[in-house]
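Subject: Structure handover

Hello,

Here is the structure for your files. My notes on what was found in it follow below.

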Amino acid sequence: TTFMLGNLPYRVTKKDIVEAMDHMGFDGAYHVCHIPNANLKNPRRTSLGYAFLCFPNTSLAAEFQARFGTFFFPSSFSSKKCTLKEAHRQCRALVGQCTSSVELAPPEHA
């Protein structure tokens with residue numbers, strides 16, 4: 001299951017997302033985290049405000065959705081709360097077009 005994590009502060013990086021997910025107990029529970037690159041002309045923006053996350057099964061995806069749906073990144077100094085929705089394109093198609101994805105080994109508990 002692939003989610004689009006939206007309403008991200010523009011300064012949130014892939015590392016911030018991965019660290020937040022790991023801190024909330026999802027370390028190794030996802031296959032891919034991809035955050036599209038922002039316009040390089042604006043150095044203050046490291047993202048376009050969204051990212052994609054791929055989970056190996058629907059139970060992990062549902063748990064993530066329940067716990068991360070209104071998360072915000074305090075280190076970004078923004079009060080924006082994340083939004084989640086299922087992505088139209090799923091992991092395999094997404095990974096094929098992403099050159100900056102973090103691909104992870106399959107989860108041990110899947």
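In which helix do glutamate 63 and arginine 67 lie, and how many residues apart are they? Both lie in helix 2 (residues 58–68), four residues apart, about one turn of the helix. Helices (H or I, at least four residues) and strands (E, at least two) are DSSP runs, numbered from the N terminus.

Before the rest, the conditions. This is a predicted model, in which local features need pLDDT of at least 70 and side-chain atom pairs count only at pLDDT 80 or more, while totals for chains, interfaces and linings use all residues. Residues are numbered from 1 along each chain as its sequence is written, and side-chain values use heavy atoms, with hydrogens and water left out.

Salt bridges

Two salt bridges turn up in a search of the whole structure; the term stands for a side-chain nitrogen of Lys or Arg within 4 Å of a carboxyl oxygen of Asp or Glu. One joins glutamate 63 to arginine 67, with the closest N and O atoms 3.4 Å apart. Glutamate 63 is partly exposed at 37% relative accessibility, and arginine 67 is partly exposed at 41%. On this scale, buried means under 20% relative accessible area, exposed over 50%, and partly exposed in between (1.4 Å probe, protein chains only).

Glutamate 19 and lysine 15 also meet through their side chains in a salt bridge, at 3.7 Å from N to O. These two residues are separated by about one helical turn, because they sit four residues apart in helix 1 (residues 14–26). Glutamate 19 is partly exposed at 44%, whereas lysine 15 is exposed at 58%.

Strands

Strand 1 (residues 2–6) and strand 3 run antiparallel and are joined by four bridges. In that pairing, threonine 2 stands opposite cysteine 54 of strand 3. Strand 2 (residues 32–34) also pairs with strand 3 in the antiparallel sense, over three bridges, and here cysteine 33 stands opposite leucine 53. Two strands count as paired if DSSP finds at least two bridges between them. Strand 3 (residues 51–54) is covered on both faces: Ala51 and Leu53 are buried on one side, Phe52 and Cys54 on the other.

In soluble globular proteins, nonpolar side chains tend to be buried together. A nonpolar core is taken here as a set of buried Ala, Val, Leu, Ile, Met, Phe, Trp, Tyr and Cys residues joined through side-chain atoms within 4.5 Å. The largest one has 24 residues, and Ile17, Met21, Phe55, Phe64 and Phe68 have the most contacts inside it. Strand 1, helix 1, strand 3 and helix 2 each supply at least two residues of this core, and the largest share, six residues, comes from helix 1.

Leaving aside residues up to four places away in sequence, methionine 21 touches Phe26, Asp27, Tyr30, Leu53, Phe55, Phe64 and Phe68. Contact means heavy atoms within 4.5 Å.

Which residues of helix 2 are buried? They are Leu60, Ala61, Phe64 and Phe68. Seen down the helix axis, the buried residues fall within an arc of 100°, so they line one face of helix 2; the arc is that of the directions from the helix axis to the C-beta atoms. Thr58, Ser59 and Ala66, on the other side of helix 2, are exposed. The cover over its buried residues includes strand 1, helix 1, strand 3 and strand 4 (83–86).

Aromatic residues

There are ten aromatic pairs in the whole structure. Rings of Phe, Tyr and Trp (its six-membered ring) pair if their centres lie within 6.5 Å; planes under 30 degrees apart count as stacked, over 60 as edge-to-face and the rest as tilted. One of the pairs is phenylalanine 26 with phenylalanine 55, edge-to-face at 6.5 Å centre to centre and 75° between the planes. This pair links distant parts of the chain, 29 residues apart: phenylalanine 26 is in helix 1 and phenylalanine 55 in the loop between strand 3 and helix 2. Phenylalanine 26 is buried at 1%, and phenylalanine 55 is buried at 2%.

Phenylalanine 68 and phenylalanine 71 form a stacked pair, 4.6 Å centre to centre with 20° between the planes. Phenylalanine 68 is buried at 0%, while phenylalanine 71 is partly exposed at 21%. One aromatic cluster takes in Phe3, Phe26, Tyr30, Phe55, Phe64, Phe68, Phe71 and Phe73.

Phenylalanine 77, in the loop between helix 2 and strand 4, is exposed at 79%.

Regards
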